[in-house]
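Student: I have just opened this structure and would like to understand the words used for it. Could you go through some of them with me?

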Amino acid sequence: MADHKIIDKKVGLIGATVLIIGNVIGVSAFVLPGELAGDAGPGIIFALLLALIPLTFGIIMSLQLGSAIPVAGGTYVYASRLVGPFWGFLLPWITIPGVWAGMLFIALGFAEYAGFVADNIAFIPEIPELGLIYGLLIPFIVLNVLGIKMVAIIQFLMVAVIILGMLAFIVPGAFIIDTGNYSEMFPYGGGEVIVAVVSLYFPLRGFRLVVELGEEMKDPAKNIPRVLGLSAAISITLLVGLIVVLIGTTSHVALGNMDAAFAQVSLDNFPAPITALILSAAAMGALTSINMTYTAYSRLLMRAARDDIIPSPIARIHDRYDSPHVAVLVLGIPPLLVAPFSPGVVTLSVALSLTILFGLAVSGIALWNLPKVFPQRYEYSLYKLPSWLLKFTAIGAVVSAAFLWILTTTQLPLMTGVITAWMFVGYIFYRVRVAYFNKRGIDLESQMSQLHESEQT
């Protein structure tokens, strides 16, 4: 195993909380509800509540695992050390194309709102969608190369705009709700609601990314649970309010025919300054989502590369900016190449959500094994779950993730088939990689089963 530089720059409680809020309340919060409401009807509210079930298990898991083993690329470390080396490898393997899909989803959502602005404000020219995608993704690749401190400063400013914009929609909108819009919850049956559950889990997955930042967080054992609590309280309250008000003010049939639904509903009901603020919040949502996705998932790849299960150059840390710049580029460049051929936003969100649900199930098994594999770390965790709650959470995470996977397969069999085939290709790559190192006298699987020296304190 090669020696790898550790990231020294740290972010505190407020900075980390802002990073997570900006990832959860991203552009998906402004793009998905309108389109999903058109497909599923008011049942999207029920879908959001169902999506909170695996989310709750994920947050509790992150609290315990992040407190016991606060490291960079936490989900990879938990899977490889607590479940098995192959399962650790499989997480970055399926995460990479999932993140590429997520990047395109966010960029397309941003382009949708930018198109709304161009259509409704005469002096603003319409910019080609591809140009908007490149103009959105490239600056945040550069920003993440510049390091966590710069990322957190920019994120703080953008999250402030997002929260103001959401409140500008929720507060006045609550006074014009027509309860009749909730009368027929499932006008098209349950199939579309299932897709909505998985799609809505896409933004909610942002909470679990806090465990990828352990190496860069001040006092991570204490701050990871605090960040989870603060970000969840703020984000979930705003998301539920946003969707309930959207459905209550406009029929689901009308929403299904709208682009940039929140902006259009605001334009129809509120003064222009409020609409401008909502548009600004949607734009900032795209920026914060991309910002944090690059930040968190690049740490996952960096940590896997330190074990050599993926090429070790991906673990390099920039000498000047203290960032995993190679991992950022691995995540950032391919979406730019495939952007001209990207599918719709719901398809992209489901693809990323399925990969994250898979990670949730693996993390559930990791949580179950924590007291047995690392009994001391479990026993002396700052936030220690009782044994019964730990086991209940682990089972709940695995069962809820598997349930959503199965339901999605009934609605989108091709999607789950593609992801399953990609896992099979990953297994072949893994066996070849392990055999390659074995011939050189390096036991890669043993290396992937032990914490590094810097992670043992």
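Tutor: Gladly; we will take a few terms one by one, keeping in mind that this is a predicted model.

Student: Why is Ile14 called exposed?

Tutor: Exposed means over 50% relative accessible area. Ile14 has 52% relative accessibility, so Ile14 counts as exposed. You will find Ile14 in helix α1 (residues 13–24).

Student: What makes Arg81 and Asp307 a salt bridge?

Tutor: The cut-off is a side-chain nitrogen within 4 Å of a carboxyl oxygen. For Arg81 and Asp307, the closest N and O atoms are 2.7 Å apart, so the pair meets the definition. Arg81 lies in helix α4 (residues 74–82) and Asp307 in the loop between α12 (272–306) and α13 (325–338), so the pair ties together parts 226 residues apart in sequence. Both residues are buried.

Student: And why is Glu379 called partly exposed?

Tutor: Glu379 has 40% relative accessibility, so Glu379 counts as partly exposed. Lys384, with a relative accessible area of 36%, is partly exposed too. These two residues form a salt bridge, with their closest N and O atoms 3.1 Å apart.

Student: How many salt bridges are found in the whole structure?

Tutor: A search finds four.

How values were computed: Residues are numbered from 1 along each chain as its sequence is written. This is a predicted model: local features need pLDDT of at least 70, side-chain atom pairs count only at pLDDT 80 or more; totals for chains, interfaces and linings use all residues. Side-chain values use heavy atoms; hydrogens and water are left out. Helices (H or I, at least four residues) and strands (E, at least two) are DSSP runs, numbered from the N terminus. Buried means under 20% relative accessible area, exposed over 50%, partly exposed in between (1.4 Å probe, protein chains only).
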